[in-house]
Amino acid sequence: MDKKEEIALDRMRKSVQKLGGSTERYGDPTLTRFLKARSMDSEKAAKMFVQWQTWRASFVPNGFIPESQIPDELESRKAYLQGLSKDGYPVLIFKGSRHFPCKDHLQCKRFVVYMLDKAVARAIKEHEIGNEKFICLIDLRQLTYKNFDPRGLINAVQFLQAYYPERLEKIYMLFMPRFFQSVWKMVCHYLDKGIREKTEIVKNDEKARVEFVKKIGEEVLPKELGGRAQLVALQDVTVPQLN
């Protein structure tokens, strides 16, 4: 850690206290994520951190989302959590064709938190450090207009940006149909620059798919994506609880 980062962290801690929050339970890696998300601006990072604490205490009071609160979202088996990529990141796979517009928007939001929490927790080794990240693969094969859920998509993006800063290592969009390209352009207006830069649309050709498999690793990718692993449903994976 360089001197500028030390100064920024110190200023952030003081700003958090002024805003009525506390950094006592959190180490430098956690606070640094918020600083990076706000371009090392200590006051903006402190505001984001306090808002996150307030939201977490309200939306996830038990520290986790019980599966009993998201039965419909789990029943669709649209999310999968694999092992670690070649670079050591958990691989979260989301099948767009198994998602349909949410009827219960609160349950949908809870599912997003359940999914992101599990992806982050999958990266924990002996104990949570605070800088754990994950890779997300969005499989758009067989996607139709019936799966189109702009509100749900925007909610997921907003949660990721506001409450999971610097948790995402990379997003890969796979098998994107033409009609979804215009949808994605619309969604990009809601994405922070950092997430846009971490998003890669994998071309639908053999060369691009081979390169993609090399990056992620055959051992973690399911057979349908060019790997040798079996898909593991999100709810079937046991992970440590986040602090």
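**Entry 1: cysteines**

I call two cysteine sulfur atoms a disulfide when they lie within 2.5 Å of each other. The model I opened is predicted, so I took local features only at pLDDT of at least 70 and side-chain atom pairs only at pLDDT 80 or more, while totals for chains, interfaces and linings use all residues. I number residues from 1 along each chain as its sequence is written, and my side-chain values use heavy atoms, with hydrogens and water left out.

My search of the whole structure returned 1 disulfide. It joins Cys 102 to Cys 108, with the sulfurs 2.3 Å apart. I then looked up burial (buried is under 20% relative accessible area, exposed over 50%, partly exposed in between, with a 1.4 Å probe and protein chains only). Cys 102 and Cys 108 are both buried.

What about Cys 136, and which cysteine sulfur is nearest to it? Cys 136 is in no disulfide, and the nearest cysteine sulfur belongs to Cys 188, 14 Å away. From the Cys 188 end I find Cys 136 as the closest partner, and 14 Å is too far for a bond. Cys 136 is buried at 11% relative accessible area, whereas Cys 188 is partly exposed at 22%.

**Entry 2: aromatic rings**

I paired rings of Phe, Tyr and Trp (its six-membered ring) if their centres lie within 6.5 Å, calling planes under 30 degrees apart stacked, over 60 edge-to-face and the rest tilted. The whole structure gave me 15 aromatic pairs.

One of them is Phe 111 with Tyr 114, a stacked pair at 6.5 Å centre to centre and 25° between the planes. Why do these two sit about one helical turn apart? They are 3 residues apart in helix α5 (residues 105-121), and that spacing separates them by about one helical turn. For the element names I use DSSP runs numbered from the N terminus: helices are H or I with at least four residues, strands E with at least two. Both Phe 111 and Tyr 114 are buried.

I noted a second pair, Tyr 145 and Phe 179, which is tilted: 4.4 Å between centres and 40° between planes. This pair links distant parts of the chain, 34 residues apart. Tyr 145 is in the loop between β3 (134-139) and α6 (150-163), and Phe 179 is in helix α7 (residues 178-188). Is Tyr 145 buried or exposed? I find Tyr 145 exposed, at 62% relative accessible area.

Ring pairs also link Trp 55, Phe 59, Phe 159, Tyr 163 and Tyr 164 into a cluster.

The charged end of Lys 78 sits over the ring of Phe 111, 5.2 Å from its centre.

**Entry 3: the sheet**

I paired strands when DSSP finds at least two bridges between them. The open sheet has 5 strands in the order β1-β2-β3-β4-β5, with mixed pairing. At its edges stand β1 (79-84) and β5 (199-201); each has a single partner strand, so one side of each is left without a neighbour in the sheet. Neighbouring strands are turned by 20° against each other on average, direction ignored. (My axes are lines fitted to C-alpha atoms, for helices over the stretch in contact, and angles run from 0 to 180 degrees between N-to-C directions.)

I followed β2 (residues 90-95) from both sides. With β1 it runs antiparallel, joined by 4 bridges. Tyr 80 stands opposite Ile 93, and Leu 84 has Pro 90 as its bridge partner. The two strands form a hairpin with 5 residues between them, and Gly 88 in the turn has a positive phi of about 90°. With β3, the β2 strand pairs in the parallel sense over 5 bridges, and here Ile 93 stands opposite Leu 137.

How many residues of β2 are buried? I count 6 of 6. On one side lie Pro 90, Leu 92 and Phe 94, and on the other Val 91, Ile 93 and Lys 95.

Helix α9 (residues 206-216) lies across β2, β3, β4 (168-174) and β5, at about 155° to β4; contact here means heavy atoms within 4.5 Å.

**Entry 4: phi angles**

Most residues other than glycine have a negative phi, so I listed two exceptions. Met 40 has a positive phi of about 65°; it is in the loop between α2 (28-37) and α3 (42-59) and is partly exposed at 35%. Arg 77 has a positive phi of about 45°; it is in the loop between α4 (71-75) and β1 and is partly exposed at 36%.

Terms used
Lys NZ or Arg CZ within 6 Å of the ring centre and 35° of its normal.
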